[in-house]
Amino acid sequence: SCSPQPSHAVMGQSTSAPTQPAAPAGPAETVNPLPVHTGTQLGLQYLCNSAGSTGLLSIVAPQTPVDADSGPKRAPIDLTLVIDRSGSMGRGKLAMVKRSITFILSQLNAGDRLALVSYDTDVRTDFELTACTEGEKRKMGAKVAEIRAGSMTNLSGGLEAGLDLQKGATRETVRSVFLLTDGLANAGMTTTDGIVKLVADARGKNSLVVVHTFGFGDDHNAEMLAAVAQAGGGEYVYVEKDESLGDSFAEALGGLASVVAQSISLTVSQPGGMPRPRTQFPVVQEGEAWRVDISDLYAEERRDVLVAMTAGTAKLRYYSILSSEWVTVALACTPRELTPDEAATVDLSAAREATAAAMIQANEDAASGRLAEARQHLRDALVQAEAAGAESEDVQRLQCDLNECLETVQTAAEYQSKGAKKLQWIGGGHGKQRSRGAECAYTNSVQRSMKSAASAM
């Protein structure tokens, strides 16, 4: 069977956009009339065949910047771990979590800060954001070793405490919360809507903090964790096997260590208006224009948005972590004759988007007991993927993932055990073109290096 291809979540069918932070005082905004792709800038390109109506706008991140003396360049990280220590975590899982935290500590340096919140029925701040000097890391490691499994699962209380530790975030630092659980929220606030509102309210006050969620095993609520991650601008990761937790944390940490842009918005328009862009990211309409909002971009990543317009304009605006300034790239979108490789790129992106949409719809159908309809959505996406080029490795990856998801919606029991998690996880991954704990085309070099280091421990 193919290895699960998570790439990012159910995020983004909402048409409400997250609050855009005000531009900080500092360097004036740089405006590039043409797509420029330097060591610190994102590239923007448009592909549309003059004979067709579907165009592809691609945002492309630069390669990982490397300093000859110190290695990969990156911003400091402020990371809060929010860890489930309920009774169900006592069967070897908590020991694996502790080893993973030890690995995270080994990868952070004195310019980074780490905090830890653990929760069962009660919520405990084991340590607040603390600079990761060698001395402090030893103290933090000792506190991690003292954590013991307890009783119920007060997920909302743990998450709220973790978010509180991130107050006052600034653009000089990459900030994130990692939330891990193996079960259902059964103490404190327990509804998905209530917990999502908690995250949305926190992000409304400070949109720089990104929340990633990790569901451990088969007993957690994937719908809730995916919704929390969506509200938090992050990703939901399904940790199917206990031993894969280290890889999942390492890959997520590698992502934080390679953030090159934040608060990204892509605005597209043409005279007379145009249809809504096809993407799983949040989209909001602004008169005749549409704005696509993306939380962040890691080095070497790309984001593809399908648009239907004959001739129009695109404006990309983002905050560059590497150059500490707001940057705007403007592009005239004009159809032209595409090369065969360019046409194949558009077809592949359409197949990828169809795959993500099919998995999201299949999950909704299966959750309502409509398993036959769920299977049909996945089969239809298989047909579109094959039409994009059966010999392509990228297409074969899509087919592999669609077939894997098909296996999980054959019965209600299979769906409840695996399908609800995999459809959220894999579909979200393809929708956002980001890896989530499994080896796939969306993983960048920093994430691969981090996973290799985790495997060596």
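Which residues does Leu-114 touch, not counting residues up to four places away in sequence? Let's work up to that, starting with the whole chain.

This is a predicted model, in which local features need pLDDT of at least 70, side-chain atom pairs count only at pLDDT 80 or more, and totals for chains, interfaces and linings use all residues. Residues are numbered from 1 along each chain as its sequence is written, and side-chain values use heavy atoms, leaving out hydrogens and water.

**Stop 1: colour by confidence.** The predictor's confidence in each residue, from 0 to 100, is called pLDDT. Its mean over the chain is 85, and 88% of the residues reach 70 or more. Now select residues 3-38, where pLDDT stays under 50. Where pLDDT is low, the predicted coordinates should not be read in detail.

**Stop 2: switch to cartoon.** You have 11 helices and 17 strands to look through; these are DSSP runs (helices H or I, at least four residues; strands E, at least two), numbered from the N terminus.

**Stop 3: go inside.** Of the 457 residues, 56% are buried (under 20% relative accessible area, 1.4 Å probe, protein chains only). Select Leu-79, Leu-81, Leu-114, Leu-159, Leu-180 and Leu-378: in the largest nonpolar core, of 87 residues, they touch the most other members. Such a core is a set of buried Ala, Val, Leu, Ile, Met, Phe, Trp, Tyr and Cys residues joined through side-chain atoms within 4.5 Å. Helix α1 (residues 93-107) gives this core its largest share, 7 residues.

**Stop 4: back to Leu-114.** Its partners are Leu-79, Leu-81, Ile-104, Leu-105, Leu-108, Phe-127, Glu-128, Leu-129, Thr-130, Cys-132 and Met-140, with contact meaning heavy atoms within 4.5 Å.

Terms used:
Buried means under 20% relative accessible area, exposed over 50%, partly exposed in between (1.4 Å probe, protein chains only).
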